[in-house]
Amino acid sequence: FLLVTGGVGGSGPSEADVMRDLAVAAGVPGERVVTETASSSTFTSALACVDIIESRGWRSAVVVSDAYHVRRAAMVLRSFGIRVSTSAAPGGRQANTRWRWWYYVVREWIALPVYRLRIALERFRRRRPGRRPTA
């Protein structure tokens, strides 16, 4: 199965819908593509993916994202017991100016400890009785 994720940005179709269409055009059978379209951030996307993965009984995932971003996305899934491997999408560094690329890298360095705190809070919330699912 292919799980694609991403909500709607400013307008138009969701990122997940665009990725699904690209995958189908590349030959992936549509019934093998699972979409998550409600997320608005990497964190909510990863949590929604955790819920989908767990509900389907899957145990592992390959996270594909930009090279500077893949570590943070994978960290969330790993924190909830999903076995994760990663693959950096091509073109990230080449598609950005040097300064833009460093902006993304520094943003990720800052985001990692913030995500560790968010993960801890979410794990605590999920342990409480009567919790509502995130997705």
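Helix H3 is followed by Gly81, whose phi is positive, near 85 degrees; helices here are DSSP runs of H or I with at least four residues, strands are runs of E with at least two, and both are numbered from the N terminus. This is a predicted model, in which local features need pLDDT of at least 70 and side-chain atom pairs count only at pLDDT 80 or more, while totals for chains, interfaces and linings use all residues. Residues are numbered from 1 along each chain as its sequence is written, and side-chain values use heavy atoms, with hydrogens and water left out.

**Confidence**
- The chain has a mean pLDDT of 90, and 96% of its residues reach 70 or more, where pLDDT is the predictor's confidence in each residue, from 0 to 100.
- Within the chain, confidence is lowest in H4, at a mean of 91, and highest in strand S2 (residues 33-36), at 96.

- Helix H3 (residues 70-79) is mostly covered, with seven of its ten residues buried; buried means under 20% relative accessible area, exposed over 50%, and partly exposed in between, with a 1.4 Å probe and protein chains only.
- The buried residues of H3 are Val70, Arg72, Ala73, Ala74, Met75, Val76 and Leu77, and they pack against H2, S3, strand S4 (83-88) and H4.

**Thr42 in helix H2**
- Thr42 belongs to helix H2 (residues 42-55), and its side chain is joined to that of His69 by a polar contact of 2.8 Å (a pair of N or O atoms within 3.5 Å; within protein, one must be able to donate a hydrogen and the other to accept it, and residues adjacent in sequence count only if both atoms are side-chain atoms).
- When neighbours within four places in sequence are left aside, Thr42 is in contact (heavy atoms within 4.5 Å) with His69, Arg72, Ala73 and Tyr115.

**Ala61 in strand S3**
- Ala61 lies in strand S3 (residues 60-65) and is buried, with a relative accessible area of 18%.
- Not counting residues up to four places away in sequence, Ala61 touches Ile53, Leu77, Ile82, Arg83, Val84 and Ser85.
- Ala61 and Leu3 are 58 residues apart in sequence, yet their C-alpha atoms are 8.9 Å apart in space.

**Trp109 in helix H4**
- Trp109 is found in helix H4 (residues 98-127) and is exposed, with a relative accessible area of 54%.
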